[in-house]
Amino acid sequence: MDNQTIYALSTVQGRSGVAVIRISGSNALEAINLLTDIDTKHIKPRYAYFATLKNQSGQSLDQALILYFKAPHSFTGEDIVEMQTHGSRAVINSVLSALSAIKGFRYALAGEFSKRAFYNHKMDLTQAEGLADLIDAETSEQQKFAMRQMEGNLKNLYDGWREQLLHVLAHLEAYIDFPDEELPKDVIQNLENTVFKIIREIKQHLQGDTIGESLRDGFRVVILGAPNSGKSSLINALTSREAVIVSDIAGTTRDAIDIHMDINGYPVIFTDTAGLRETSEEIEQQGIKIALQKAADGDLIINLFDCSKDTCQPLENVDNSKVINVANKIDKISSSALKSLRAQNIITISAKNKSGIDELLQAVVAKISSRVTASSGLLITRHRYREALKNTIDNLLQFNFNKEIELSAEDIRLAARELGKITGYIEVDEILDKIFGSFCIGK
């Protein structure tokens with residue numbers, strides 16, 4: 001991290017009532033000195049000043065609110081100046097141009113404000129990624145869990161495990177330094193119990209499966225069924241628009257088609273797939289292969305069938321807890337047949353008439369919410385967390401007192417290092433650029 005003062009537009013580029021330009025660095029006050037008449041020797045932190053912005057040629061650029069956040073009590077931990085200007089492109093570009101003319105100032109890289117906050121210990125990596133998720137949140141549930149992560153819930157959990165391992169390591173290192181002193185049996189037992197307890201807690205934490213990633217990226221609901229069972233019609237009924245082509249010709253849908261929806265705050269991706277049947281047509285075979293792979297990777301499966309001519313057939317090689325059986329085209333059957341289907345806990349719909357759609361959506365939400373509720377409130381939202389936790393367990397399972405104490409200490413050290421990879425409490429420059437590079441400019 002260099003010592004230059006950085007600046008960027010922190011709001012969306014384009015026409016708006018207000019735009020916020022953020023400046024961070026040891027020379028941030030220089031922007032106020034050069035562009036306004038405010039006396040920075042007596043400036044009050046967190047106090048709004050109304051001032052005319054001028055470039056170094058004396059040309060008036062805008063009338064703006066100026067706020068100063070003194071280090072370390074700021075987002076980045078450095079001196080920060082925020083300029084709240086009018087949001088026209090001309091104003092924004094002229095202010096940014098004026099800032100670029102100040103010696104030692106440069107435009108910020110993507111995610112650089114948050115990266116500086118990390119380096120200055122204002123947040124750890126899990127909080128930074130929680131902030132990124134909050135910025136990208138499109139549904140209320142995504143917002144809720146991103147806030148939990150940004151507030152440090154995951155940080156506190158992982159730091160707690162790491163601190164316990166460092167405590168174990170301290171005892172082992174002390175023994176290595178003073179080999180003439182034997183570790184008391186009660187100390188050995190306590191160390192073993194601590195390691196066993198951490199293994200058990202991490203395994204419980206991992207039992208949430210990929211629910212956190214699904215909540216962040218979207219729960220995939222794959223619609224499977226025979227040709228002409230009404231899969232594409234169901235997609236159109238769910239979205240209330242002609243999202244996909246509907247045809248009586250079998251094999252019309254060849255590829256998987258994704259439709260994104262917000263259902264009761266949960267991000268859901270409905271996937272229309274090729275009809276399942278025996279076929280010699282090569283392209284259709286590929287579509288069926290894709291459909292089965294999507295089902296295997298999906299969070300839920302809608303097993304759709306045409307109840308006017310078929311019966312509900314169980315799906316092979318799938319987790320039944322993921323399956324919702326749905327009978328379509330109830331407008332073509334008798335009331336007694338309809339009653340019989342409902343007695344089998346099969347959801348009944350008519351995609352054509354859009355009846356039963358609300359009941360189906362409620363069933364989807366119930367399945368999703370039960371998985372979220374069954375998991376801990378501390379969800380694993382990144383694949384890299386999951387890998388590091390698995391590596392932590394692998395190292396801890398190697399730990400015992402039946403081998404050289406130096407090797408046992410190394411097992412604990414490697415386990416603590418894996419936890420540190422998640423929060424950033426070790427040297428992890430190789431992953432920082434990847435994480436912060438996903439941020440927008442000015443954040």
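**Close-up 1. D159 lies in helix α6, residues 153-177.** Helices (H or I, at least four residues) and strands (E, at least two) are DSSP runs numbered from the N terminus. The model is predicted: local features need pLDDT of at least 70 and side-chain atom pairs count only at pLDDT 80 or more, while totals for chains, interfaces and linings use all residues. Residues are numbered from 1 along each chain as its sequence is written, and side-chain values use heavy atoms, with hydrogens and water left out. D159 has a relative accessible area of 14% and is therefore buried (under 20% relative accessible area; exposed is over 50%, partly exposed in between; 1.4 Å probe, protein chains only). Not counting residues up to four places away in sequence, D159 touches T423 and Y425 (contact: heavy atoms within 4.5 Å). The C-alpha atoms of D159 and Y425 are 9.1 Å apart in space, with the two residues 266 apart in sequence.

**Close-up 2. The largest nonpolar core contains 33 residues.** Such a core is a set of buried Ala, Val, Leu, Ile, Met, Phe, Trp, Tyr and Cys residues joined through side-chain atoms within 4.5 Å. L234, F270 and I302 have the most contacts inside this core. Elements that each supply at least two of its residues include α8 (211-217), β10 (300-306) and α12 (357-374). The most comes from α12, with eight residues. Leaving aside neighbours within four places in sequence, I302 is in contact with residues including V221, L234, F270, I324 and L360.

**Close-up 3. T40 sits in the loop between α1 (28-35) and β3 (49-54).** T40 counts as buried because its relative accessibility is 14%. Beyond residues up to four places away in sequence, T40 touches L29, I32 and N33.
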